[in-house]
Amino acid sequence: MTLQLRVYVPPHPLIKHWLAVARDAGTPSVLFRSAMTELGRWLTYEAAREWLPTLDSEVQSPMGSCAATFINPEVPIAVVPILRAGLGLLEGAQTLLPLASIYHLGLVRNEETLQPMCYLNKLPNRFDPQTRVLITDPMLATGGSIMAAMSELTQRGIDPALTRIVCVVAAPPALQKLSAEYPGLIIYAATIDEGVNNQGFIVPGLGDAGDRIFGT
Ligand code: PRP
């Protein structure tokens, strides 16, 4: 079977609504943050399907015994927010994955070269190979940042097939790079936009999500 990158854009009214709020240049920072939280929540909900490991068991209800399915507590779950903007999606993701370990990765693009520079790396030296990883970053633009993040993760034993990326806007250059290197990867996005301008901004996109989240 040939593996292919998959990008899911869930056709959900709440995802459409919060994307519209986030895109609107008139949305103030406080509401933009809410939009990111909600998008983080609903996109993580979608991403958790067939990704969160479950365990079949049995419970005693007040009326008798029955089959039951739990989240498997033995399998490590990790969330990797790409700072700064990935923090905006983290809160919503954490409400659904309360036991996940959070490993911050600080990447910033050089505004001229658009190359990412890593200024914080809280990843462990080695992950359990069974670890399910959810990466949060609202924007996949030229793809430099997400490729750097994937490289840091795979060097530490993460299986791309057990990884999910939650983003708000994905642009073709990033998707092409991910597809060439990690064909088994699955992405959940609120939308796929047309392209990236020569300053590296997604068009129509959201503007600078990091600045809008933090009112910078
Ligand atoms: C933005 C965004 C992504 C990256 C996408 O972060 O949040 O991480 O750019 O661009 P790329 O696909 O071209 O690498 P930025 O570097 O502006 O840092 P910030 O999150 O601190 O604002």
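The model is a predicted one, in which local features need pLDDT of at least 70 and side-chain atom pairs count only at pLDDT 80 or more, while totals for chains, interfaces and linings use all residues. Residues are numbered from 1 along each chain as its sequence is written, and side-chain values use heavy atoms, with hydrogens and water left out.

**Aromatic pairs**

- The structure holds three aromatic pairs, a pair being rings of Phe, Tyr and Trp (its six-membered ring) with centres within 6.5 Å, where planes under 30 degrees apart count as stacked, over 60 as edge-to-face and the rest as tilted.
- One of them joins tryptophan 42 and tyrosine 45, whose ring centres are 6.3 Å apart and whose planes meet at 75°, so the pair is edge-to-face.
- These two residues are three residues apart in helix α2 (residues 29–48), and are therefore separated by about one helical turn; helices (H or I, at least four residues) and strands (E, at least two) are DSSP runs numbered from the N terminus.
- Tyrosine 45, at 43% relative accessibility, counts as partly exposed.
- Tyrosine 103 and phenylalanine 127 also form an edge-to-face pair, with 5.3 Å from centre to centre and 85° between the planes.
- That pair links distant parts of the chain, since tyrosine 103 lies in the loop between β5 (101–102) and β6 (105–109) and phenylalanine 127 in the loop between β7 (116–121) and β8 (132–136), 24 residues apart.
- Phenylalanine 127 counts as buried, at 7% relative accessibility.

**Helix α2 and its packing**

- The buried residues of α2 include Phe32, Met36, Leu39, Leu43 and Ala47, and the buried residues of this helix pack against α1, α3 (87–96), β8, β10 (163–170), β11 (186–192) and α6 (209–214).
- After α2 comes glutamate 50, whose phi is positive, near 55°.

**Isoleucine 15 in helix α1**

- Isoleucine 15 sits in helix α1 (residues 13–23) and is buried, with a relative accessible area of 1%.
- Not counting residues up to four places away in sequence, isoleucine 15 touches Pro10, Leu39, Trp42, Leu43, Glu46 and Ala190, contact meaning heavy atoms within 4.5 Å.
- Isoleucine 15 and valine 168 are 153 residues apart in sequence, and their C-alpha atoms are 9.2 Å apart in space.

Definitions and conventions
Buried means under 20% relative accessible area, exposed over 50%, partly exposed in between (1.4 Å probe, protein chains only).
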